[in-house]
Amino acid sequence: MPSRRVVRIEDLLAEPFGPFAEEEALTSKCPDTTRAKPIILDELCLECNDKLTGLDETEVRQLRFDEERAKYPVRFRGILGIGKLDWLTSQAIEEIEAELREREIQAKLANGSRTATSGLTLERLYAPTPGFRGGQMKVKVMIQGVKNRLTYLMSDRAPDAILLQSRIPGQEYRSYKVTSLHVHTYIRSIHYLGRYRLMRVLQTLLELEGGTNAYKLAHIPNEQRTPEWFIDVYLHHMARHPVARKHRPVYDSDDSDVEPHTGGQMRKGREHTLRHVSRAEVASLFATHAEWLVEEVKLMKRDKLFHVPSWSAWLDDVRRMRHEAAREGRPWGVMQGGDVTMDDFAAMLPPPPRRPKRTRRNNQRRGAPHNVSSTSRPTSSTGRQTHHHERSPTPEPLVPTRSYDRDFSPVSTPPGSPSSSSSAPPSRADPNLAALVPSALFYPPQLTATFQWACDVDGCLFLLDLLRLSDDDLAVDAIPEDDRRRLKGRSWNIREPWVVEAFYYMVDKHRSAHVHDIGLKQEQRGKRLITVPRVARESIPQTVRLRNVRVDDRRPVIKREDDA
């Protein structure tokens, strides 16, 4: 007879109990959060008007703040560890004990017991244990309440986390230190968190440079706090901080580079070599939320964080740099992982191919160097430069073979789908076939700021909306079923490579229909992917045939003066 596994109390307490309404489960003896003794709330989830929401939507002056939705109360749910039994009301204790006993009975039956009973009580769990102050076992409950206000990194009681204040009917407010967010709330809070992280970085820089523990006490003239000054201070105090060279945050116990029992302290001579941080990278960090920062500091009546006029003037340079970086296919001054602007889309998707400028021959006669300058060298997605010492020949015109550049680098050939094999070189286009293809199919698709793509073929009214995808839009064999569910559930951001690839596949499906309608198809012949007509060659309309031009290869006859 197989041995029965012992039911452990830790397993019974792994999942939280509840949910409970805050005012019905917690007594007035549940303390408020202090810096020394915080009341921790995990997996915070926000809801407003029966819909999941986040800090980007609930907080004033944020990206998606909706005044109409703000009229409704914002409810929260989170997991609270009960430190003492007197935090709970008698009704909550009774319900938790009933569920705890049921968990023990079900666990015993699952282990093979024919009959099972339980006598567990919370008083027994919280009874003093030798060697521990109070009971060793603690229960977790899921608490629901109404949000009153919330701050992030700006409260003395929770300087490194979110401080949530709840509103309890008929009672005073209670504050929680939030250490984690539910995934649905987090993806709707990315901009809020990023903005206040950046503001906290600027405050810390003032504290470090001013030698104080509060940025308001830093005796640094406000006129001096320009963007360039903050970049200099960041490079001095943060980018080249010596502590980072001597500490390894993640390591194994047998790591020979780490001193034993030091918590990750590096051995002498084994310190890190910190990577180079450029001024442009720091400027990009500050520019990510520069517009919001300027508006927030303008609202400060005193102790302004920086010099507003110089930062306002810098915004013109920020917008120009964003535009120039987008033209080069590089993100600068935009947030990673959050919502994107039109400049962000230009930075992610390859721009339409441009006609190269002609090189004047007389420049070479005058001794101009023939090599390509560093500003015009093609750059790969990894940031490495590809050097060319000779001018490459002009590529032959190609019929689109549905192969878009997955690394978002500038296109070197007309676009097609990511499924095209890189080992199968495209064939030269038949001019008769190329003349049949609408010119719009030669350019990569461009998303709008509302995540939509409209077909560019004349007379076509097709619209692909990534926020409202239909089953027909997703009916592409190359898109995995799991990706389809994630796309319809909107649990993605446009910077993820699999999202961009799925977008190209859906566009390719529609564009293939246009190629089919004009009588073309693609065939794999050996290592070549060629475009051929679906019907006999003679059926191609003669109006689009390119006429053969006779080449005059006669040589001129030069007469001599003696023959005249």
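Tyr-186 is found in helix α6, residues 183-186; helices (H or I, at least four residues) and strands (E, at least two) are DSSP runs, numbered from the N terminus. The model is predicted, so local features need pLDDT of at least 70 and side-chain atom pairs count only at pLDDT 80 or more, while totals for chains, interfaces and linings use all residues. Residues are numbered from 1 along each chain as its sequence is written, and side-chain values use heavy atoms, with hydrogens and water left out.

With a relative accessible area of 37%, Tyr-186 is partly exposed. Buried means under 20% relative accessible area, exposed over 50%, and partly exposed in between, with a 1.4 Å probe and protein chains only. Together with Val-183 and Ile-187, Tyr-186 makes a nonpolar surface patch of about 250 Å². Patches are made of residues with over 30% relative accessible area and no salt bridge; like charges are joined within 9 Å, and nonpolar side chains (Val, Leu, Ile, Met, Phe, Trp, Tyr) within 5 Å. Accessible areas come from the Shrake-Rupley method with a 1.4 Å probe, and for residues only the protein chains shown count as cover.

Glu-24 belongs to helix α2 and counts as partly exposed, at 48% relative accessibility.

Charged side chains also meet in pairs. A salt bridge is a side-chain nitrogen of Lys or Arg within 4 Å of a carboxyl oxygen of Asp or Glu, and by this rule the count comes to 33 salt bridges. One of them joins the side chains of Glu-47 and Arg-75, at 3.8 Å from N to O. This pair links distant parts of the chain, with Glu-47 in strand β2 (residues 40-48) and Arg-75 in strand β4 (residues 74-81), 28 residues apart. Glu-47 is buried, with a relative accessible area of 18%, whereas Arg-75 is partly exposed at 39%.

Another salt bridge is formed by Arg-64 and Asp-56, whose closest N and O atoms are 3.8 Å apart. Here Arg-64 is partly exposed, with a relative accessible area of 32%, and Asp-56 is buried, with 1%.

In the salt bridge between Arg-248 and Asp-257, the closest N and O atoms are 3.4 Å apart. Both of these residues are buried. A network of salt bridges links Arg-248, Asp-255, Asp-257 and Arg-270. The C-alpha atom of Arg-248 is separated by 6.5 Å from that of Gln-265, 17 residues apart along the chain. Gln-265 lies in the loop between α9 (242-245) and α10 (279-287), and is partly exposed, with a relative accessible area of 34%.

The last stop is helix α17. The expected span of a helix is 1.5 Å times one less than its number of residues. For the 21 residues of α17 (residues 497-517) this should be 30 Å, which agrees with the 30 Å between its end C-alpha atoms. Helix α17 is mostly covered, as 15 of its 21 residues are buried. Gly-519 follows α17 and has a positive phi, near 90°.
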